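Here is a short briefing for a reader who is new to this structure. Please keep the model open while reading.

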Amino acid sequence: MLTRERIRSGWIQELVRAQGLPGVLDEAELAASRAACLARRPPGADVWVFGYGSLIWNPCFHFVERRVVTVPGWHRRFCLWTSIGRGSPERPGLMLGLEPGGSCRGVAFRIADADVESELDIVWRREMVTAAYRPTWVIAHGAAETVRAIAFTINRDHPRYAGRLEEERIVEALATARGPVGACCDYLFNTVAHLEALGVPDRRLRQLCRRVRERQAREVFAPTPMPAQEILQG
């Protein structure tokens, strides 16, 4: 499980460097990216962070309030390859990103003003390791109020951007990939379970769950091939 302590220790960065992957942001670059995002903060606005994947069920940062919200103009999609975390170089996994168009339901977390710097440092070390995302201020509609929130939208110029993949390829990656943080399928299953518990199910992700489980069942119950010698003797 990814934890706050692991993130602060630089564990994610070390995983990336160990694979020789390019583009790891150093301390100065992370700080500059975070400062640039805060400079675009709407005047007088609280700092909210929008979770649409694992941030929903494992945020790792401290917050003082959370709300179920809808973000218009963006939709979640499995569109980012990962060979760390929940994948490997041999079997890369897929992570969610926010793509333009449609809408996305998830959770907005409010960070206390006094904790903005320390808690966004955690968020940036987790989400902006290689700048595969772009921190973007989005509109988030809640039941009682609309707020502005930081969302990590996909960086389409990044080499790990997967684009629009065929569903069969997405299912294969989610069903078979595994890395130091765990199985890629658990990322999907946990996201779907928590969205449904919050009362905002995602029909597309639910369908992927079904197909991934079917793919894994075929693997488990596939007959073991008989060695050629036994076939001849039989």
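The points below cover the cavity, the aromatic rings and the salt bridges.

This is a predicted model. A search of the whole structure turns up one cavity of 30 Å³ or more. The structure also holds six aromatic pairs and 20 salt bridges.

**The cavity**

- The largest cavity holds about 590 Å³ of space.
- Its lining is made up of 31 residues. Closest to the centre are Leu2, Ser54, Met95, Arg126 and Glu127.
- By type, the lining residues divide into 21 nonpolar, six polar and four charged.

**Aromatic rings**

- Two numbers describe a pair of aromatic rings: the distance of the centres and the angle of the planes.
- Phe50 and Tyr52 form a tilted pair. Their centres are 6.0 Å apart, with 35° between the planes. The angle falls between the cut-offs of 30 and 60 degrees, so the pair counts as tilted.
- Phe50 and Tyr52 are both buried.
- Phe61 and Phe109 form an edge-to-face pair. Here the distance is 5.5 Å centre to centre, and the planes are at 80°. That angle is over 60 degrees, which means the pair counts as edge-to-face.
- This pair links distant parts of the chain. Phe61 is in the loop between H4 and S2, while Phe109 is in strand S3, and 48 residues separate them.
- Both Phe61 and Phe109 are buried.

**Charges over rings**

- The charged end of Arg6 sits over the ring of Trp11, at 4.2 Å from the ring centre.
- Arg213 has its charged end over the ring of Phe189, 3.8 Å from the centre of that ring.

**Salt bridges around Glu65**

- Glu65 forms a salt bridge with Arg67. The closest N and O atoms of this pair are 2.7 Å apart.
- Glu65 also meets Arg110 in a salt bridge, at 2.9 Å from N to O.
- Arg110 lies in strand S3 and Glu65 in strand S2, so their pair ties together parts that are 45 residues apart in sequence.
- Glu65 has 24% relative accessibility, so it counts as partly exposed.
- Arg67 counts as partly exposed because its relative accessibility is 23%.
- Arg110, at 22% relative accessibility, is partly exposed.

**Other salt bridges**

- Arg211 and Glu168 form a salt bridge, with the closest N and O atoms 2.3 Å apart.
- This pair also links distant parts of the chain. Arg211 belongs to helix H8 (residues 203-221) and Glu168 to helix H6 (residues 167-176), 43 residues apart.
- Glu168 has 41% relative accessibility and therefore counts as partly exposed.
- Salt bridges with shared partners join Glu27, Arg34, Glu117, Asp121 and Arg125 into one network.

Definitions and conventions. Residues numbered from 1 in each chain as written. Predicted model: local features only at pLDDT ≥ 70, side-chain atom pairs only at ≥ 80, totals over all residues. Heavy atoms only, no water. 1 Å grid on protein atoms, 1.4 Å probe; cavity = no way out; pocket = protein on both sides within 12 Å on 5 of 7 lines; lining within 4 Å. Points joined across faces, edges and corners; volume = space filled by probe spheres on them. Nonpolar A, V, L, I, M, F, W, Y, C, P; charged D, E, K, R; others polar. Phe/Tyr/Trp six-rings, centres within 6.5 Å; stacked < 30°, edge-to-face > 60°. Buried < 20%, exposed > 50% of the residue type's maximum accessible area, 1.4 Å probe, protein only. Helix = DSSP H or I, 4+ residues; strand = E, 2+ residues; numbered from the N terminus. Lys NZ or Arg CZ within 6 Å of the ring centre and 35° of its normal. Salt bridge = Lys/Arg side-chain N within 4 Å of Asp/Glu carboxyl O.
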